[in-house]
Amino acid sequence: MTPLMNSFADGFSVKLLEVLRNAWKLAVLTGSGISAESGVPTFRDAQTGLWSKFRPEDLATPEAFQRNPKLLWEWYAWRRELVSQAQPNAGHRALVELERRVPQFSLITQNVDGLHQRAGSRTVIELHGNITRTKCFEEDVLVEKWTETVETPPRCPRCGGRLRPDVVWFGEALSPDVLERALTASQSCDLFFSIGTSTLVHPAASLPFEALQHGATVVEINPDETPLTSRATFALRGPSGVILPEILRTLT
C-alpha cells in the first residue's frame, strides 16, 4: 500500500478525517520526536560538557551501573534536570484533546520524560519507564522516599540496595504487563497513530504493524521517512506540534 503524503488542503484529508470522526478505539504510539519538539534531546543526541566523552549506550546498562553506579546516577540526574526544564508542546496538548473525543483511547510512549502526563493525558502506557521515578536496583520496586547521605547513589530504605532510575536499560526486558497492554491496544484499535518514532526500536517498532495486521487504519506523523512509511495508510510529513493541531482544527 502506498501512503498518501500531502497537506490537509488536499483531498485525501477527507478520508482521514472521516476515519477519525468514526473511530471508536484509537491507539497512539509516540517516540522521541514529540519530546524533541519540547527541547528534550533524543537519547543519542550529542552529549555536552562533562558527558561529551561518554556514549549514551555505555551509560544505560545494568552492567554499567554495577561498574560505576555513581557515574550513572549523576548522568540521569543531569538528564532529569533537562527534562524538568521542558514543557509539553502543542502535539502533547492535541493528544489530550483527542483522548477527550474518542470513546476508547490508549497512549503508548517510548519516552521516559512524563511530558504526556504533564500535558494532561490520563491513559499512558510507558514502555520504557519514567526518568522521574526511582526504584531499587536489587528488588526492582519503586521507592518514593529515602534518606539522603553522602553516598551516591542513595540506598533503598527497605533493603539497603542502591537506587536507580525507573527506566528500561539495554539488556533489560520490558515489563510483561506493560507490553501486554500495548499489544492489546494495538491489536484491538480501529485507528493507530505512530508519532515521532523511528520505528526501529523493538518491540515498540512492531506495534503499528500489529495494528495493520488486525485491520486498523495506521497514520504516521513524522518529519522523516521510516520503515513504516511505505506501509502506513496515511503518512503525514512534519512535526506533531503542527500536524495534530491542524487535524483538530479541521475536525471542529
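**View 1. Thr 199 in the loop between β6 and α8 (207-213).** Helices (H or I, at least four residues) and strands (E, at least two) are DSSP runs, numbered from the N terminus. The model is predicted: local features need pLDDT of at least 70, side-chain atom pairs count only at pLDDT 80 or more, and totals for chains, interfaces and linings use all residues. Residues are numbered from 1 along each chain as its sequence is written, and side-chain values use heavy atoms, with hydrogens and water left out. Thr 199 counts as buried because its relative accessibility is 6%. Buried means under 20% relative accessible area, exposed over 50%, partly exposed in between (1.4 Å probe, protein chains only). Contact means heavy atoms within 4.5 Å.

**View 2. The open sheet of six strands.** The order is β3-β2-β1-β6-β7-β8, and the pairing is parallel. Two strands pair if DSSP finds at least two bridges between them. β3 (124-126) and β8 (234-236) are the edge strands, each pairing on one side only. From one strand to the next, the twist averages 15°.

**View 3. Strand β2 (residues 104-109) and its partners.** Six bridges pair β1 with β2 in the parallel sense. Three bridges join β2 to β3, also parallel. Ile 108 stands opposite Leu 29 and, in β3, opposite Ile 125. Thr 109 faces Glu 126 of β3. Five of the six residues of β2 are buried, so the strand is largely enclosed by the rest of the structure.

**View 4. Helix α5 (residues 90-101) across the sheet strands β1 (25-30), β2 and β6 (191-195).** The helix runs at about 150° to β2. Axes are lines fitted to C-alpha atoms, for helices over the stretch in contact; angles run from 0 to 180 degrees between N-to-C directions. Asn 89 caps the N-terminal end of α5, with a side-chain oxygen 2.7 Å from the backbone nitrogen of Gly 91. The buried residues of α5 are Gly 91, His 92, Ala 94, Leu 95, Val 96, Leu 98 and Glu 99.

**View 5. Val 219 in strand β7 (residues 217-221).** Val 219 counts as buried because its relative accessibility is 0%. Not counting residues up to four places away in sequence, Val 219 touches Leu 16, Leu 191, Phe 192, Phe 193, Ser 194, Phe 234 and Leu 236. Ala 173 is 46 residues from Val 219 along the chain, and their C-alpha atoms are separated by 28 Å.

**View 6. The largest nonpolar core, with 26 residues.** A nonpolar core is a set of buried Ala, Val, Leu, Ile, Met, Phe, Trp, Tyr and Cys residues joined through side-chain atoms within 4.5 Å. Leu 98, Phe 193, Ile 221, Leu 244 and Ile 247 have the most contacts inside the largest core. α1 (12-22), β1, α5, β2, β6, β7, β8 and α9 (240-251) each supply at least two of its residues. α9 gives the most, with five residues. Another core, of 20 residues, lies apart from it; among them are Ala 27, Leu 212, Ala 216 and Val 218.

Note on methods. A polar contact is a pair of N or O atoms within 3.5 Å; within protein, one must be able to donate a hydrogen and the other to accept it, and residues adjacent in sequence count only if both atoms are side-chain atoms.
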